[in-house]
Amino acid sequence: MATQSLIPFGPQHPVFPEPLQLRLVLEDEKVVEALPALGYVHRGLEKIAQQKDILQDVYLVERVCGICSFIHSVTYCRGVETLMGITVPDRARFLRVVWSEMSRLHSHLLWLGLMADSFGFENLFMQAFRLREKVLDLMEATGGNRVIMSSCCIGGVRRDLTPDLIKMVRTTLDEVERELEPIIITMRDDYTVQQRTVGVGRLTKEEAYELGAVGPVARGCGIQMDFRTTGYEAYGDLNFKPVVFEGGDCYARCKVRLYEMPQSITLMKEALDKLPEGPLAVPVKGNPDGEAISRCEQPRGEVIYYLRANNTRNLERLRIRTPTFANLAPLLKMLPGCQLADVPVIVLAIDPCISCTER
Amino acid sequence: MFGLLKQTLTNLLSSPATRGYPANTRPDFAGARGHLDMDPAICIYCGACSKRCPTKAITVSREPKEWKLEVGRCIVCGHCVEICPKKCMWLDTRHGLANDSVLDARSGDSKRNP
Amino acid sequence: MAVNLPDLTDLTVDTIGDAVAEKRRTGWRFVTMTCVDRGDGLDLMYHFDKEYRLVTLRLKIAHGQAVPSMSGVYFAAAVIENEVKDMFGVPFTNLAIDFGGRFLLTESAPKAPQCREGSGIDMRLKQPAESQPTGGN
């Protein structure tokens, strides 16, 4: 008769970037049941957003997450611009795309390092983080800080890319592309990586859609879901096709993110080629009134913001649903039936960003 | 199996990837946001920065003329720099420690201009 | 001149279950649920998406009124309903996984903190500025 034991996985675990506790009920080495325990990084940001006015909220919203921070501010600014009827100038739209894709690239490199670390491939972890430093240098030179760039504002962007900076961006992107290639080839073709990820955490296409999976978790199951195809900001002017793979396991999700990295570099270069001249921002006058929903594609999936305003300088309600929150339900479905050693691989394959989830 | 072998051999035979800090420091990028600095000679002590600061890090009083910054609260966003009517503040590139002495400015002391 | 949400439908507590089941049958994906405190009641909004088009079903309820859970139809709703239960104190019935008000908050946290009045953060903000905790010390 198999013995049942209850193991707390987390909140402090070397493979997790952020605290998440999973209470696993095990029979010998197989997971039978998994219950999450959240709340370690809950900061009540939605409530604080009601106390600050709409211009100060940009800085608050960036700090929801330390990895995908720029796209949070883009989504918030788009929501307020819908409420106030503001049209963003063309140069600002393209610059927002450049910085969004830079965010995506550094986020995927971070994920790559952590994923490799989850099954013990520390060499690749170090290489990915070293490469990520080049992207962080770019973010500091163009945006002001390594992660929280504070470049987006309501009505446009706050900073410009001078021709010198653009040249530096292009040179660094070429270097990153060159050094990324052996890493992608190793992660995709290595025998050990495939042994640890193929067939692990399987989800069928219908299950993933029903459970509300978003981002690479959904695209790794064959669902064509990438919000950038709607052409928001300047994505409509760029050649963009979502990266979708069949398979439904951790290997397919890895491949989706591995191929999205060179795609981000290509999109950035294309946006820099097509960058039009013009003003950076339009002035913001008046108060927002009404309700609006804005959605964007973060590195982890689709993020949705709901804003409600009542003609004062403060928002009445700001609701943020981040992609990891949506991917929690598929995670709870994937864990039962797997081995204990597969738990870190499965959790990192959804790319958990718990500070986004709990705000 | 030998995909990363070339990279590993390069790593073995080349110098360390890290620089020998503090002997060897990295020059700051031009636009980096490190810490907030201001010129008390230009400041008119209107208090606009104090009202609009997202973290309430700045305190301004008219009598006596005083402008104080809590460095630990400042998120170096640059909102105050943009809304100051006299443009007396700027963001410097060097990152300061949060427990540096509170930047305290009284009228009469003039600091260097950016 | 207020901006309105496109594709918004108002429903009641009795009709919401059938409407959500109809969405599941016709292939809509459950995106999220939003709860807003109107002052004299709560607004519960269910958002659904199909091929990048978003529709919203709105339910107006009173504070503390019980609402049937959608987690039997969409399992993903269980996660968000637990959060709304913690934050706004809405008692959902027949939850698939019930954390009992402890999903995100601990025992010592204020009750229903995102409701407008009478919760810990609002009480603390009514106090004079000198007694507010300051950071950076």
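Author: A residue counts as buried if 20 or more other C-beta atoms lie within 10 Å of its own, as exposed if 12 or fewer do, and as partly exposed in between, with C-beta atoms placed from the backbone. This is a predicted model, in which local features need pLDDT of at least 70, side-chain atom pairs count only at pLDDT 80 or more, and totals for chains, interfaces and linings use all residues. Residues are numbered from 1 along each chain as its sequence is written, while chains are lettered from A and ligands numbered from 1 in the order in which they are written.

Reader: What makes H11(A) largely enclosed by the rest of the structure?

Author: Of its 12 residues, 11 are buried, so H11(A) is largely enclosed. Among them are Phe325(A), Leu328(A) and Met334(A).

Reader: How do you know that the radius of gyration of chain A agrees with a compact globule?

Author: The radius is taken over C-alpha atoms, and the globule rule is 2.2 Å times the number of residues to the power 0.38. With 359 residues the rule gives a value near 21 Å; chain A has 20 Å, so the two agree. Of these residues, 56% count as buried. The C-alpha trace of chain A spans about 70 × 45 × 35 Å along its principal axes.

Key:
Helix = DSSP H or I, 4+ residues; strand = E, 2+ residues; numbered from the N terminus.
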